[in-house]
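Have the structure open while you read.

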Amino acid sequence: MLKLPVRFLSGLAYLHDGLALALAWWIAFLFRFNFEVPGAYQGYFLESLPGVFLFYSICFYVLGLYRGLWRFASLPDLKRIVRAIAFGALLTASFALVAHPSIIIPRSVLFIHPMLLVIMMGGSRFLYRSWKERRLFNTVAAQGKPVIVIGVEDSSLNLIKELSKSPEWRVVAMIDPNGKLVGREIMHTKVEGSLQDIPQIAERHGSLHCMIAMPGSRHEKRRQAVEAARQVEGMEVLTLPAMSDLISGRVSLSQIRKIDVEDLLGRDVVQLDTHELSAMLANKVVLVSGAAGSIGSELCRQILSFHPTQLVCLDISEYALYTLQQEFSQWTTDTELVYVVADVKNRVRIQRVLQNHRPDVVLHAGAYKHVPMMEHFNVVEALQNNAYGTYQIASACQAARVPTFVQVSTDKAVNPTNVMGASKRLAELICQSLQHSEKSVTRFITVRFGNVLGSSGSVIPKFREQIAHGGPITITHPEITRYFMSIPEAAQLVLQAATMGNGGEVFVLDMGTPVKIIDLARDMIKLSGLQEHDIRIEFTGLRPGEKLYEELLADDENTLPTSHEKLRIAQARTADSVWLANLLEWLTNSPHLAESQLKQDLQRWVEEYQPDTRPAPSISLRGETLSLDTLPSPSQQIH
């Protein structure tokens, strides 16, 4: 296909406007004299035309009429044309009435001409665009796979424009979820029905593909659209990103993707108090521990959008921190990024980092979080990292007079039945105890939430991998339920809570409705284009320390509302300095205790802890099989 140079196309447009200018000027004379222009006025027409052409040409050029392309002509282009013609008409009238009175131009001509010119110049551009789109649409109309577009938002219209240019797709119908525009036609496509009409419309057009273009709608509406589309057997459901991802507001085919389980579990966009967040983070020094983890890395991404002076990314994993560094090296930011490999249990190292960088805000997201892994063989590490490590970094921040310390906690800390949850509950109590110590200038804030979608080691990546291998999907129990939240939402609410706390609070995030894991597995099977009989589901029994359902509040806790609809304050049991001193003594000696003793002692420190009483798995040691609980403690082997 021949591609003409842009300058050549601009020249053609200029030539067209010049001819339209002259023609409109002559037609204006014809209208004035009922199509019988006297000879004298024919002379006035010829004498005045060069001046009119000069004035209008200057206005056309100065106001940028030739920067755009006709095939993309739109309302802003029409406004530009009207503005240029208005200035040209004003100059022409001044010339005719003041500067050159010897040339007689009827006043009615001065009014008729600009109106004709707007119609001719604007009309020709829009006719050309309509012809191009109709020609393109008709070229691909019989090509591509028939697809139904669900939604009548602006993004839907942009999507249809994109699809009309693609030989891969052919839009055959639109669906209005609210049913208000049924029967109307948009972009040559008829709105044929609402959500309940999808099966009949799909059968009528032989379509097995639909695209959900509802990024501005609430999550419940999008889920209803997905469920309605999935009523058609074999229907492949595609979607656009959520509104928070469509920063530019434009749609491209590269953004269209298959519907995923995250879309079904997703939640509405969080409304943040950006003024408070900016006051807390902008031009400040911020330190994030566990910065390379799922939550920590997202916290770093969110923090960078508020332009702190310096962001210190601290993590014990050198490789994970390197990966984060590689990601941020592609970003354009005015924030100084510092990457620190350190263990939060190493107080001397943490003190040195705090002295060197003097952070205004510390967000502690470093923790061991995998319940079964921490339940046996690694109990002491869970306690040392999650509880003792939290004390070391929190007390170091207190000594360094860091204004704000935020502890990221978990719903597993509520009535814990596993070591990981109990260790996180200890971390909460440690922060509350430090808050109540005398002369503390640090605000200690705890934020508690449930599972996040797609985090490392979470159930969704595991199920996705099992489906890819043909199954089976393994679930511990048919009745097990969990709360889910997206990683960006969790990070945003952690930051929001940090702006609201006065110190000592335990914030609880609104986790929505719990989801049955078996329903999640079934959704993922269907979204993979398979049926339940294609992928077997096996139940393996509850793992050590695992609960059927998670809680966000302990039995003896109440909550208070906050100014943010998704945040509440838990009125949790607190601890004093005497309790903390005794706990630290026990944590210091914990590496020398057997795991059975550690779990027994945990009940004393975390009153609501109900340990899993099932026996620990057996291990093989030098050809001999031993139970973990029968192994001697390290202190007994020291000579």
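## A buried tryptophan and its surroundings

Trp 586 has a relative accessibility of 7%, so it counts as buried; buried means under 20% relative accessible area, exposed means over 50%, and partly exposed is in between, using a 1.4 Å probe and protein chains only. Before going further, a note on the ground rules: this is a predicted model, where local features need pLDDT of at least 70, side-chain atom pairs count only at pLDDT 80 or more, and totals for chains, interfaces and linings use all residues. Residues are numbered from 1 along each chain as its sequence is written, and side-chain values use heavy atoms, with hydrogens and water left out.

Back to the tryptophan. Trp 586 sits in helix 19 (residues 577-589); helices here are DSSP runs of H or I with at least four residues, strands are runs of E with at least two, and both are numbered from the N terminus. Leaving out residues up to four places away in sequence, Trp 586 touches Leu 383, Leu 593, Leu 598, Asp 601, Leu 602, Arg 604 and Trp 605, where a contact means heavy atoms within 4.5 Å. With Asp 601 there's also a side-chain to side-chain polar contact of 2.9 Å. That term covers a pair of N or O atoms within 3.5 Å; within protein, one must be able to donate a hydrogen and the other to accept it, and residues adjacent in sequence count only if both atoms are side-chain atoms. As for Leu 598, it is 12 residues from Trp 586 along the chain, and their C-alpha atoms are 9.6 Å apart.

## Strand 18, covered on both sides

In a regular strand the side chains alternate between the two faces of the sheet. Which residues of strand 18 are buried on each side? In strand 18 (residues 506-509), Val 506 and Val 508 are buried on one side, and Phe 507 and Leu 509 are buried on the other.

Strand 18 also has pairing partners. It runs parallel to strand 13 (residues 443-449), with three bridges joining them, and it pairs with strand 22 (residues 567-570) in the antiparallel sense over four bridges. Two strands pair if DSSP finds at least two bridges between them. At the residue level, Arg 448 is bridged to Val 508 of strand 18, while Val 506 has Ala 570 of strand 22 as its bridge partner.

Helix 9 (residues 274-281) has Leu 277, Met 280 and Leu 281 as its buried residues. Looking down the axis of helix 9, these fall within an arc of 80°, so they line one face of the helix; the arc is that of the directions from the helix axis to the C-beta atoms. An α-helix has 3.6 residues a turn, so residues three or four places apart point the same way. The cover over the buried residues of helix 9 includes strand 8 (285-289), helix 10 (294-304), strand 11 (361-364) and helix 17 (487-500).

Most residues other than glycine have a negative phi, and most peptide bonds are trans. Here are two residues that go the other way on phi.

Pro 472 is in the loop between helix 16 (459-468) and strand 15 (473-475).

Another loop residue, Asn 418, lies between strand 12 (404-410) and helix 15 (419-435). Asn 418 counts as buried at 3% relative accessibility, and its side chain reaches the backbone nitrogen of Gly 421 at 2.6 Å.

## Cysteines and the whole chain

How many disulfides does a search of the whole structure find? The search finds zero, with a disulfide taken as a pair of cysteine sulfur atoms within 2.5 Å. Cys 313 has its closest cysteine sulfur in Cys 300, at 3.9 Å, which is too far for a bond. Cys 313 is buried, with a relative accessible area of 0%, and Cys 210 is buried with a value of 0%.

Zooming out, the chain has 20 helices and 24 strands, and 49% of its 639 residues count as buried. Among contacts between residues at least 6 apart in sequence, 77% join residues at least 24 apart.
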